[in-house]
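Hi everyone, thanks for coming. I'd like to walk you through one structure today, so please have a look at the screen.

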Amino acid sequence: MPFWFLYSTVGKKKDARAIAQHLLKKRLIACANIFPIDSYYRWQGKIQRAKEFGMILKTKAKNYNRIEQELKKLHPYQCPCLIAIEVKKGYPPYLAWIAESTL
């Protein structure tokens, strides 16, 4: 069974927490790691800098489309970051826990 870590960012910790809670309640993710980051990026032709919160969402690959749909509804950004990173290898009991914790 393929697993993915999904990476996203938001501007406020409360938004990251709300997204994580929502996806956990729907059993689309097994875990969310939320951490502060300094982001530098180009947006609308200008270089921007912002304090943001990164999120790593742990899930089965098959849940990506549903997570993307939920994220589009909840995310405050016009163009939210959502990147899927394939888990090539992992500790088997941990991967089993992700499988059991998600749909």
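Let me start with a term: a crossing of two helices is called left-handed if the near helix is turned anticlockwise from the far one by less than a right angle, and right-handed if clockwise. Keep in mind that this is a predicted model.

Now, which hand does the crossing of α1 and α2 have? It is right-handed. The contact is made by Ile19, His22 and Leu23 from α1, together with Ile67, Glu70, Leu71 and Leu74 from α2. Sorted by class, that contact has five nonpolar residues, one polar and one charged. As for the geometry, the axes of α1 (residues 13-25) and α2 (residues 64-74) come within 11 Å and cross at roughly 140 degrees.

On to the sheet. Four strands form an open, antiparallel sheet, in the order β2-β3-β1-β4. Because β2 and β4 (83-87) stand at the edges with a single partner strand each, one side of each is left without a neighbour in the sheet. On average, neighbouring strands are turned by 30 degrees against each other, direction ignored.

β1 (residues 3-10) pairs with β4 over five bridges, and phenylalanine 5 has isoleucine 85 of β4 as its bridge partner. Helix α2 packs on this sheet and touches β1, β3 (46-60) and β4. Its direction makes about 10 degrees with that of β1.

Last, the pocket. The largest one has a volume of about 230 Å³. Which strand gives the most to its lining? That is β2 (residues 31-43), with four residues. Among the lining residues are Arg42, Trp43, Glu52 and Cys79. By class, the lining has five nonpolar, three polar and two charged residues.

How values were computed: Residues numbered from 1 in each chain as written. Predicted model: local features only at pLDDT ≥ 70, side-chain atom pairs only at ≥ 80, totals over all residues. Heavy atoms only, no water. 1 Å grid on protein atoms, 1.4 Å probe; cavity = no way out; pocket = protein on both sides within 12 Å on 5 of 7 lines; lining within 4 Å. Points joined across faces, edges and corners; volume = space filled by probe spheres on them. Helix = DSSP H or I, 4+ residues; strand = E, 2+ residues; numbered from the N terminus. Nonpolar A, V, L, I, M, F, W, Y, C, P; charged D, E, K, R; others polar. Axes fitted to C-alpha atoms, helices over the stretch in contact; angles between N-to-C directions. Contact = heavy atoms within 4.5 Å. Pairing = 2+ DSSP bridges.
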